[in-house]
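Here is a short report for someone meeting this structure for the first time.

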Amino acid sequence: MQKDVIKIGFLGLGTVGGGALQILQQNYREICRKIGAKLEVKRIAVRDVKKTRAPEVDPTLLTDKWEHVVLDPEIDIVVEVMGGVDLARQAILQALENDKFVVTANKDLMAQYGQQLLSIAKKQQKNIFYEASVGGGIPLIRPLKHCLAANRIKKIMGIINGTTNYILTQMAKEGKEYGTALAEAQARGFAEADPSNDVDGWDAAYKLNILAGLAFSGMIAMDDIYVEGVSKVKLRDIRYAQELGYAVKLLAIGAETETGLILRVHPTLIPLNHPLAAVENEFNAIFVEGDAVGEVMFYGRGAGSLPTGSAICADIMEAASAIKYEIKNNVIEANFVPKKVVPMEKQVSRFYLRLKAKNEPGVFAKLATAFGEERVSLDMIIQKRSDEQTAEIVLVTNDVTEGSFNQAMAKIREMPSIQSINSVLRVVE
Ligand SMILES: NC(=O)c1ccc[n+]([C@@H]2O[C@H](COP(=O)([O-])OP(=O)(O)OC[C@H]3O[C@@H](n4cnc5c(N)ncnc54)[C@H](OP(=O)(O)O)[C@@H]3O)[C@@H](O)[C@H]2O)c1
């Protein structure tokens, strides 16, 4: 018999949970009409049941025991929006064991245990929906899973961390130093008190793991992804990049090549006329290139209460439809296979390098020789005098393997005329 009332339990009612609940309340009729069933929020687990909540909730729904949600036999869908990995994993496993569909926004969890959890869900003839885990309100998981499913995806590339994009935008546009831009991002709620997950690149790497797993059907471990954050990017580099015709962005790049997968997150110089260069502040944008569809781009707010809540609600609606129409075994992304990953040394990039050298004749020639011996050719070079004794040199190489570039750099570091290597960044055309 088809269910007419589908019951939901929340684990967490913070930024994302609160946003999802607000949308469920304000668009209740439309949402129920689309599903063809009523939704009822039956229980909400939080840490502190006494906290004042917005939107307001009936206090009798609140509990500080997550087990009350996952073990409640009447609850059909568990919405995990409390974050963290171990407890969230335990709660989701118990929810699946207890025959519930799961909706989550938890990228850390899905990047590390998603494939395992999805195959358990499949065995239970249930499903886990995780649209909110990448790109907040931007549809990304569903397009990769469904709309682009017939394509062989060649490449995904994008800005998938709003915090670092906000910081880099403020540096580029307002001339702020990194520390000032970070403090402002914290004050405006775009960065957490401990910003390391964002600024060290891990948040983007978790999201890349999830997207690349879907795009390339690969079993991807976090260790497979090269991760470098933005904390070493200086305003000076952003200014030089602009002079050379580039913007600096934290890019997540995934590609499938003949020699294996390329998986990396790092600050990158991209041409100022590239669409990603125009993505500012907390916005996210992702390019996907499929063999049939060509290039598609997704753009929007990658985080925040209502944008992320919008993705959570869409997932609740999909789960509710599956329950209402008794759709079983619809985990379509459980056929992941092991894939070779191209070691960083063998990956090809262009490089931006900023260094200080003694202001003496022959320095350029020595640099050119060190690069030439490793078959690294130079595309652009700028020299500016810092003072009487020192010159600042900025150069951009042509395509080179990381291995060759590093060997050339080892030689350059040993040169007596080189005083300091101040910055090395990758360049994508
Ligand atoms: N914020 C975003 O824009 C965003 C975007 C995409 C994805 N996400 C992901 O969404 C998840 C939630 O993020 P958030 O920003 O909404 O976090 P948050 O504002 O800190 O909210 C966490 C909620 O979980 C509750 N909670 C924490 N530990 C609990 C426990 N042991 N038992 C019961 N409840 C517990 C908290 O209770 P109290 O309210 O009582 O403290 C709070 O309601 C995370 O996985 C995050 O990565 C967030």
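## Helices α4 and α5

In this predicted model, helix α4, which spans residues 86–97, packs against helix α5, residues 107–123, at an angle of about 15°, and their axes lie 11 Å apart. Because angles under 35 degrees count as roughly parallel, α4 and α5 are described as roughly parallel to each other. Their crossing is right-handed.

On the side of α4, the contact is made by Ala88, Arg89, Ile92, Leu93 and Leu96, while α5 contributes Leu109, Tyr113, Leu117, Ile120 and Ala121. Sorted by class, the residues of this contact between α4 and α5 comprise nine nonpolar and one charged, with no polar residue among them.

## Helices α1 and α12

A second pair of helices is formed by α1, residues 15–26, and α12, residues 305–324, whose axes come within 7 Å and cross at roughly 65°. Angles of 65 to 115 degrees count as roughly perpendicular, and α1 and α12 are therefore roughly perpendicular to each other. The crossing of α1 and α12 is right-handed.

In this contact, Thr15, Val16, Gly18, Gly19, Ala20, Gln22, Ile23 and Leu24 of α1 meet Ser305, Leu306, Thr308, Gly309, Ser310, Ile312 and Cys313 of α12. The contact of α1 with α12 holds seven nonpolar and eight polar residues, and no charged ones.

## Around the ligand

Which residues come nearest to the ligand? Of the 25 residues around the ligand, these are Gly12, Gly14, Met82, Gly83 and Ala303. By class, the shell around the ligand divides into 12 nonpolar, nine polar and four charged residues.

## Domains and their contact

The domain assignment of the chain gives three entries: domain 1, made of 5–137 together with 305–337, domain 2, covering 141–301, and domain 3, covering 347–427. The centres of domain 2 and domain 3, taken over C-alpha atoms, are separated by 26 Å.

Where these two domains touch, 13 residues of domain 2 are in contact with 11 residues of domain 3. On the side of domain 2 that touches domain 3, the elements giving two or more residues are α11 (235–244), β10 (246–257) and β11 (260–271). That side of domain 2 has eight nonpolar, two polar and three charged residues.

Technical notes:
Residues numbered from 1 in each chain as written. Predicted model: local features only at pLDDT ≥ 70, side-chain atom pairs only at ≥ 80, totals over all residues. Axes fitted to C-alpha atoms, helices over the stretch in contact; angles between N-to-C directions. Helix = DSSP H or I, 4+ residues; strand = E, 2+ residues; numbered from the N terminus. Parallel < 35°, antiparallel > 145°, perpendicular 65-115°, else oblique. Left-handed = near helix turned anticlockwise from the far one by under 90°. Contact = placed C-beta atoms within 7 Å. Nonpolar A, V, L, I, M, F, W, Y, C, P; charged D, E, K, R; others polar. Near = placed C-beta within 6 Å. Domains from an automatic or database assignment.
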